[in-house]
Amino acid sequence: MSESTAVSGQDTIQESFVKRLDALENENRDLAEELETTKVEREEVRAKLFESLIANKKYLREVERLKKENLLLKRMPLFLATVVEMGEDYVLLRQHGNNQEFITTAPAELMEKIDANTRVAINNSLTIVRVLDRSVDVRAKVMELVEAPDIAYDQVGGLEGQIQEIRETVELPLTNPKIFADIGIEPPRGVLLYGLPGTGKTMLAKAVAHESKATFIHMSGSELVHKFIGEGAQLVRDIFQMAREKAPSIIFIDEIDAVGSIRTHDGTTGSAEVNRTMMQLLAEMDGFRTRGDIKIIAATNRIDILDPALLRPGRFDRIIEIPMPSFEGRLKILQIHAAKMKRDADVDLEEIAKVTAEASGADLKAIVVEAGMNALRRNASIVGKADFDIAVNKVLGDEVEGSEEALRMFS
Ligand SMILES: Nc1ncnc2c1ncn2[C@@H]1O[C@H](COP(=O)(O)OP(=O)(O)OP(=O)(O)O)[C@@H](O)[C@H]1O
Ligand SMILES: [Mg+2]
C-alpha cells in the first residue's frame, strides 16, 4: 500500500512538473510573441520618429525661407511717409510725393519710436517697416554742399569759348547783378552743359562757383530718382530752399537726364514719381525768375533724350556743348595735370597729345596719373617716356582694340 502510495506520489510530482513545464513553455511562447510585437512596435516608433525628423527639417527650412522672404520684403522698394498723427493703435501717415493720407499700424517696437513728424519707410502694403532719421540727414545725403569749390578756370584745359559763355550767363549775374538791372534785362538763370563723359562738365561748374564765390550745391539726378524714391519732388523743393538760404549759390544738377528725360506715361509708380520730380524742378526753375543770386547749371551726356520742356527757351538761357578736347585742348590738359610732375627730358607732351585723339579730359588725367604710377613701380623718381607710353596704352588700349573689333564686324 505504502509502495503504491509512493509510486502515485512520484507520478503526481512528475505530473506537476510536466504541467509546470507546459505552463512555462506557454509563458515563454507568449513572451516570445510579446517580444515580436514589441519589436514591430519599436520599428514603427522608429519610423515615426524618422518621419518627424524629416518633417522637422522641412519646417526648419520653411522657417528659413520665410525669414529670407521677410528680409526681402523689407528690402523691397520702400516709400517714404511722414507721421501726421498717432493714436493708441493707429498711425496717420502722409505719403511723400502724392500727399495721400492713410491710416496704418506698426509693430509695437516701432510704435514706441514714432511721433508726429517722424519720417518712416512703408512698403507696398503701406505697413511701416522702418523709422528714419531726421530729414536733415537725407537732405545732406542727396546734395553735396561746398561753400566755394577750389577749382579755378586756369585748371580747366581748352574750353575757352565755353568758359567765356558760362561766365557771361552764370558768373556775371552773380557778381554784378546791377549791370542787368541798369540795362533793364532779366539776368540769365542758368545753362545746360552737354557732352561726352569726362569732358569737364562737373569741373567747369565747380570752377564757376569758385570764381563767383558762390555756394556750390551739387545734386545728382539719378540719385534723386533712384535713391530717394517717393521723395524726389520734396528734395527738389528742399534744394532750392537751401540755395535761397545760402545765396549767392549755384545749383549743379548732374545727370539731369535721369529726371528730365522725355516723360513716360506708362502708369507705373516709378515714372509717375520721376514726372513729379521733373514738374517740381520746372516749377522751381520758373519760380525764381526774378532772383539774380541763384543760378542753375545742369549737365547731361544724353541731351537727345531730354524732355523738350527743359530745352524750351526761357528754361536754360544757354545750351552749351562741351566737346572732346582738340589737340591744343589735350596739350593744355596734359600740361595742367603734369604741371607738378618731375618729367624726363624725353617726355614730349605734344607727342602724347597727338596720339591721344580719342581721349577725353578724364582719360588724359588718368594717363598722367598712370605714368606716375609706372615710375613709382620701378622705383624711379622721374617719370620717363616709356612710363607715358605704357600709360597711354593702358588707358586708351581697350578703346582702340574695341573700335578695331567694331570695324572688323562691320566690314
Ligand atoms: N578740360 C579739362 N581740363 C582739365 N581736366 C579735365 C578736363 N576735363 C576733364 N578733366 C579731368 O577729368 C576729371 C573728370 O571730369 P569731369 O568730372 O568734369 O567730367 P564730366 O564731363 O563731368 O563727366 P561725366 O559726364 O562723366 O560726369 C576732372 O576731375 C579732371 O581732372
Ligand atoms: Mg560730371
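Please keep in mind that the model is predicted. The protein has 411 residues, of which 31% count as buried, and its secondary structure comprises 15 helices and 11 strands.

**Overall make-up**

- Take the contacts between residues at least 6 apart in sequence: 74% of them join residues at least 24 apart.

**The five-stranded sheet**

- Here 5 strands come together in an open sheet, with antiparallel pairing and the order β3-β2-β1-β4-β5.
- The edges are held by β3 (101-104) and β5 (128-131); each has a single partner strand, so one side of each is left without a neighbour in the sheet.
- On average, and with direction ignored, neighbouring strands of this sheet are turned by 40° against each other.
- Strand β4 (residues 119-122) runs antiparallel to β5, and 3 bridges join the two.

**Around ligand 1**

- Ligand 1 is surrounded by 18 residues, and the closest are P197, G200, K201, T202 and G361.
- Three helices, α6 (201-211), α12 (327-337) and α14 (361-377), are the elements that give two or more residues to this shell.
- By residue type, the shell around ligand 1 holds 8 nonpolar, 8 polar and 2 charged residues.
- Both domain 3 (139-321) and domain 4 (327-410) contribute to the shell around ligand 1, with at least three residues from each.

Key: Residues numbered from 1 in each chain as written. Chains lettered and ligands numbered in written order. Predicted model: local features only at pLDDT ≥ 70, side-chain atom pairs only at ≥ 80, totals over all residues. Pairing = 2+ DSSP bridges. Helix = DSSP H or I, 4+ residues; strand = E, 2+ residues; numbered from the N terminus. Axes fitted to C-alpha atoms, helices over the stretch in contact; angles between N-to-C directions. Buried ≥ 20, exposed ≤ 12 C-beta atoms within 10 Å, placed from the backbone. Contact = placed C-beta atoms within 7 Å. Near = placed C-beta within 6 Å. Nonpolar A, V, L, I, M, F, W, Y, C, P; charged D, E, K, R; others polar. Domains from an automatic or database assignment.
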